[in-house]
Each structure stands twice: as structure tokens, then as C-alpha cells.
Amino acid sequence: MATVVDRVPETLCDDDFRRVAALIKEQCGINIVFGKKALLEGRLRKRVRALGFPTCSDYCDFLFSSSGREQELAAMIDAITTNTTNFFREPLHFTFLVNSALPELIRMNGAGTTRKLNVWSAACSTGEEPYTLAMVISEFASTLPRFDWGILATDLSSKVLETAKMGVFRNEQIEPIPMKLRMKYLLKSRFADSESVRMTPEIRDRIAFRRLNLMSGVAKLKDEMDVIFCRNVIIYFDRPTQERIVCSLYDRLIPGGYLFMGHAESLMHIPLQMTYESASIYRKTRE
Ligand SMILES: C[S@@+](CC[C@H](N)C(=O)[O-])C[C@H]1O[C@@H](n2cnc3c(N)ncnc32)[C@H](O)[C@@H]1O
């Protein structure tokens, strides 16, 4: 039974923390340890207020009711995910992609030249990562006749995907993009105020945005990928979950394909047939 302290409107009691953290781990793999209780509480508070519940506890009771699960789970997940991203984040990855990985994939099996090159941004957040990929691959493609390529960009959160699909960014967000690329791939937005720009249709049309939960959706993907970017997401998972997800990504890669992880994410503890190519870049061994 909730105590008076537990019923302080904005406070998440320990029991509620435990059941919400277990639900989040089960649904999206994100491992929220007790030390992060204040962070979770802060993020849930937005939902408590948005739905007008008097206390966090009332919100949790709703979340765990059958109608609450149906109506609220996705919004709760949107509220608790960390979506920090930016254009050209960890820029050496994009240099490696165009200088080493793409030429090697063409040489190995004609990726992009005799068949389509498939690239996947597996936790794309608001789109800065797939749009960066699209700009650098488009530049690479312009040096070759009839280079065919496409990007699948997925995320668990529907909210970030809506933003990503629009392809509209504020002027301060585009600062990491080199001027030459800005001139070529960004337009003054007709949809927002003059402080915003929009990716050109040429770039937007190369990217298919879809909701996909890495915990359950990877095996359902039909295409084999030449390149997977899965950066700054498994860091939120515990070790067994990291291992399971990385193995499922490995299964979606062609032999000789490349896996790019975040700089703080190492695959050293995961036994897979992969070679270490460069900082947090791995390559599936050719059979
Ligand atoms: C910190 S952002 C990383 C964005 C981008 N990859 C980058 O490095 O800039 C992490 C993203 O992972 C997504 N995410 C968290 N759990 C996920 C899951 N189980 N399946 C798919 N995406 C997930 C979040 O919604 C968030 O947008």
C-alpha cells in the first residue's frame, strides 16, 4: 500500500520505479538502474502532467491497466528514450565509409554498381544520422555512373520518426554540415519559419523511415545490409541484451559487410566472426 511519502504527487515510489523499469527493459531493452530513478521520474512526469493524473502512482496504475498499456505504452516509450544526435556525429565514421568501406564493397561484389547498395541506420532518432549518410553517399555516387543506393532508417520511437520524416532542421542544428553540402542538399523550408531548412527531395527520397524495435524486429527485415550504423543505442542495454541485438544485426549483414557502433560501444566481449577495422567499425568475415 502506498505511504503518504509515496503519494507526493511528483515522486515515483520504489515499487513503481521497479515495475516501470522492468516494463521498459522488457519492451525496449533499456536498462534503467536504481541510480537513474530521478531521471526516469523526470521523464515520466511529462506524461503524468499531459494526462492530468494527480500523482505518478496514479499514472503507473493506469499504465499497467489493460487499456493503459494499449493507449499509453508507446507515448511512455517516446518520453523515456534518449534521442540526442547530430549531423556528422563521430565524423571519422563517414570518412571511413566513403574512403574505405564503399570502394571495398564495390570491389568485393559490385554493391551500388551491379546491384543496389543497402545501408541501415538502426536507431536513427530525429534523422541527422541517415541524412548525413545520404549526403555523403550522394557525393560518393556522383563520381560513378548509375550508382544505386538506398537507406533504411528505423527507430523505436514514433515521435522522433515523425520529425525525421519531415527532414526540417533549425539553422543551429545544421552547423556541423560542410557549407558545400548545405548549398547542395538543404532548402529554405516552406513548412516552417525562416530559421529552418529542409533536406532536398533528392535526399529525402533515398531514405525509408520505419518504426522498428531492435528487441524484436530485426529478424523480420527482408533485405540483407551492406552497411549498418547502430550507434549510441546498445549503450543503454545490459550485456546479455547487447549480445543478442548485435548477433541479430550480424545476421542481417552480408559477408564482408560493415557494422558501425558508437565510440563508447565495444563488441570485444561478443564472440562473432568479425574483424576490427577502425574505431568502433567492424567487418563481417567473408565465408
Ligand atoms: C542517442 S540516440 C542515437 C541516435 C544516432 N544513432 C546517433 O548516434 O546519433 C538513441 C536512439 O535509440 C532509440 N532506441 C532505444 N531503444 C531502442 C530499441 N529497442 N529499438 C530501436 N531503437 C531504440 C531511441 O529512440 C533513440 O532515438
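How far does a backbone N or O atom of Leu 156 lie from a nitrogen atom of the ligand? The gap is 3.3 Å. Keep in mind that this is a predicted model, where local features need pLDDT of at least 70 and side-chain atom pairs count only at pLDDT 80 or more, while totals for chains, interfaces and linings use all residues. Residues are numbered from 1 along each chain as its sequence is written, and side-chain values use heavy atoms, with hydrogens and water left out.

**The two domains**

- The chain is assigned domain 1 (14–80) and domain 2 (92–284), with bounds that come from an automatic or database domain assignment.
- Nine residues from domain 1 and 10 residues from domain 2 make up the contact between them, where contact means heavy atoms within 4.5 Å.

**Where they touch**

- About 810 Å² is buried between domain 1 and domain 2, with 55% of it on carbon and sulfur atoms; buried area is the accessible area (1.4 Å probe) that two parts lose on being put together, summed over both.
- Of the area that domain 1 buries against domain 2, 45% comes from Cys 28, Gly 29 and Asp 78, more than any other three residues supply.
- Five residue pairs are in polar contact between domain 1 and domain 2 (both at pLDDT 80 or more); a polar contact is a pair of N or O atoms within 3.5 Å, and within protein one must be able to donate a hydrogen and the other to accept it, with residues adjacent in sequence counting only if both atoms are side-chain atoms.
- On the domain 1 side, helix H1 (14–28) and helix H4 (66–80) each bring at least two residues; helices here are DSSP runs (H or I, at least four residues), numbered from the N terminus.
- H1 gives the largest share of that side, four residues.

**Salt bridges**

- The whole structure has 17 salt bridges, each a side-chain nitrogen of Lys or Arg within 4 Å of a carboxyl oxygen of Asp or Glu.
- One salt bridge is counted between domain 1 and domain 2.
- Asp 238 pairs with Lys 25 in a salt bridge, with the closest N and O atoms 2.5 Å apart.
- Arg 18 and Asp 15 form another, at 3.2 Å, and both sit in helix H1, three residues apart, about one turn of the helix.

**Around the ligand**

- The ligand is surrounded by 21 residues, each with a heavy atom within 4 Å of it.
- Thr 85, Arg 89, Ala 123, Asp 155 and Asn 232 are the closest.
- A backbone N or O atom of Leu 214 lies 2.9 Å from a ligand nitrogen atom.
- The side chain of Asn 232 has an N or O atom 2.8 Å from a ligand oxygen atom.
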